[in-house]
Every structure is written in structure tokens, then in C-alpha cells.
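Q: I have a protein model open and want to learn how to read it. Can we go through some features one by one?

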Amino acid sequence: MKAVMLILTERCNLACRYCYESSKKYDMSFDMAKKFIDREMQEQCKEDIKIFYFGGEPFLRFDILKRVYDYTEEMYPDRIKAYAVTTNGTLIHGEIRDWLYEHREKFEITLSLDGTQKMHDRNRISRSGEGSFHMIDLDFFRRTWPGCTVKMTISPDTLKDFAEGIIYLEGLGFKCKANFASGVDFKLQENRETVLQNFRKLIDYYSVQDGPLCYMLDLPLKAVLVPLDDKFRYCGAGVERHCYSACTDDWYPCQGLMPMSTGGEGVFKKKTFQESCVKKDSPCAECKMVRICRTCYAMNYNASENIYRTDSQICILNKICMITSARIQYTRLKNKGIRDNRLERAIYIIAKELNEIFA
């Protein structure tokens, strides 16, 4: 399924401490959105489409969001298979909440929520400087989309208690997509034990659970058994996804590589990354863990200004995630008395390479 992402606005009503977006002034008109959608429909005539609404905060342009939905449902009812919105949730009240509830079967929601109220309010503050947690109707999201995804960004301000945040969100019934903010300094040398303590808490928590792991730990460990080849890609950016905003007439591979994020006009315009995304001169080329690494083109660029080179501290954090996931998955196998030769082989390789991290 092809993803078409519309950046309805680059404006936001919050001022998150880790936000990397450098330009927040463009709004997309309905005519622009219509043009982009029509173009995709003509060029991708055989593929089903999923429309993503993004920002900024997309519900600042609720009027355009509704018009685009009405238009696509009228013109392409058999082609548009789903809609998705990433939102900070603070504007989902009154008319907007009622409209979303009415259309809940068509929409997937990702809610940006950074852990407990105390954690969230450290990261995600309003323009006036107050925390935004109390502005979100959590019960509405829980009732309307049971198990909906929450995107939890771990910043230096929440590094000390990120395990608590993940466990809290999953306890509420959300699916936690936790990740470390890119382009910031976590001071890992001095915070090493704090980081490891949090991962130990996650090992203890998930080892006795049956459900899926949070995003950064839900790794396909068996992929380490597959040799790296030239076809390997981090993600579908530019091939499975086209991203549009009001600042340009062309598509970009993803929201993280648009001018509002990179500050560079046209750098990644119509970039497909068809070539291998691991260069021979990159440290990643010799890494046995590259196929299970939770990195991406945008994260690399934001941290190192090179889409092919992972920032050193993100590399360390990713490896801690890998060995944590391996320990959890091994304990689950052992507790259930299950044998899985390929998974056990993968866990052995990961442990041999990375166990020293917890030493």
C-alpha cells in the first residue's frame, strides 16, 4: 500500500524541548492537497493509497483535513483504504472529537505522549510554558481506538525514568512506540548507569509478559542471520511513501527529510534511496546487527548530516536495545520451555557481540 503524507501545516501549538523542525510557517491549502492527491492517483494507478495527515499539529487545519477527507471519499472511494493522523492530542475536543468519533473506523491515530504526566510535561510544553498533559483527553483515545499507538520520545530530560514511562503507557492499554530523540546530546558517558538501570527494568517487566515489546525492543532478531546485500534499505521512504507540504510542489521521501526538518531547500526532493543504504566506508557495513538496527535516513541526517551514517550515541543506544531484546526473548523462550533454533542462534550471536554493554 502506498503512503501519501500531507503536511497540512508546519505550525504547532506546542514548543517541545527536543523539536527539530526549523521552519514552521507554511500552511497547505485545499487546492494544493487536491493537486497532490490527484497526481498520486494518476501516477500510482494500480496501488491502494493510505493518506497520512501530519504537521506541525494537523488539527490546527481541521477545516482542510475534513475537506480533503470528503474529496477523497467522493472521488476515490475504492482507492483510499485508510487515513492516519499523528497528533499531540491537545486540540481533540468538542467538534473535532465528535467528528473523529464519527469517522473512527476510517482513521488510525498516533498520539504523541511522552510517558507519565511528570515526564510528558518536562518535554511537551505549550507556547506559554505550561505542561500539556492535562490538555489531552486520554480516555477518549483509549475508548475510541483501543490499543492505539502512542509515540513516546525520550529526551535528555526524561532519560532517568523512560522505563517508568513505557510501563505506564502500556499499563493504560496503549501500544508504546518509544524512541530516543535524535540530534541531542544524552551525555552517555556520565549517564551510562542510569540508561542501563532503565533497560534492566524493561527486561524485568517484559520477561514475564506475553504481549509485544515496545517498538524499540520489538526487533526481528533472526534477521542477524541474513547476510547484508545491496538491496537492503532502512525503510520505504521515497518508494512506499511520498510526502508533500506547502513549501514545495514536489514530494519528499518522508517528513523527517523535508525542508522544515533539515533546513535545506530541495536537498532530498524526489529522493528514492534506491541504492544500498549501507556504504562500504561506513562503520555499519561491518556490523552484524545492521538488519535489526532501529535507525532511519532522517534520524541519521538529523544527527550526523549524513543519511548513511548513524550517530555514535544513537548507535550505542540501538545496541543496548538489541541486547535487551535478546535477553527478554531468551527468557520468554526459557520460561515457556520452547525451542526455536534460529532464534536461539540469533540470540547467541547478539550476546557474543554485545553482552559487554551490560558488563
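A: Start with accessibility. Buried means under 20% relative accessible area, exposed means over 50%, and partly exposed is in between, using a 1.4 Å probe and protein chains only. This is a predicted model: local features need pLDDT of at least 70, side-chain atom pairs count only at pLDDT 80 or more, and totals for chains, interfaces and linings use all residues. Residues are numbered from 1 along each chain as its sequence is written, and side-chain values use heavy atoms, with hydrogens and water left out.

Q: How does Val226 count, by its relative accessibility?

A: Val226 counts as partly exposed, because its relative accessibility is 40%. Val226 sits in the loop between α7 (188-207) and β7 (241-244). Such helices (H or I, at least four residues) and strands (E, at least two) are DSSP runs, numbered from the N terminus. Val226 is 62 residues from Lys288 in sequence, yet their C-alpha atoms are 9.3 Å apart in space.

Q: How many disulfides does the structure hold?

A: A disulfide is a covalent bond between the sulfur atoms of two cysteines. The test here is a pair of cysteine sulfur atoms within 2.5 Å. The structure holds zero disulfides. Take Cys176: its closest cysteine sulfur, in Cys214, is 5.7 Å away, so it is too far for a bond. Cys254 is in no disulfide either; the nearest cysteine sulfur, in Cys296, is 6.4 Å away.

Q: Are Cys176 and Cys254 buried or exposed?

A: Cys176 counts as buried, because its relative accessibility is 2%. Cys254 counts as buried at 12%.

Q: Which residues of helix α3 are buried?

A: An α-helix has 3.6 residues a turn, so residues three or four places apart point the same way. In α3 (residues 94-102), the buried residues are Ile96, Trp99 and Leu100. They fall within an arc of 100 degrees seen down the axis of α3, so they line one face of the helix. The arc is taken from the directions from the helix axis to the C-beta atoms. On the other side of α3, Asp98 and Glu102 are exposed.

Q: How do α7 and α10 pack?

A: Two packed helices are described by the angle between their axes and the distance between the axes. Axes are lines fitted to C-alpha atoms, for helices over the stretch in contact (heavy atoms within 4.5 Å). Angles run from 0 to 180 degrees between N-to-C directions. For α7 and α10 (residues 312-336), the angle is about 25 degrees and the axes are 10 Å apart. Therefore α7 and α10 are roughly parallel. That label covers angles under 35 degrees; over 145 is roughly antiparallel, 65 to 115 roughly perpendicular and the rest oblique. The contact includes Phe199 of α7 and Ile320 of α10.
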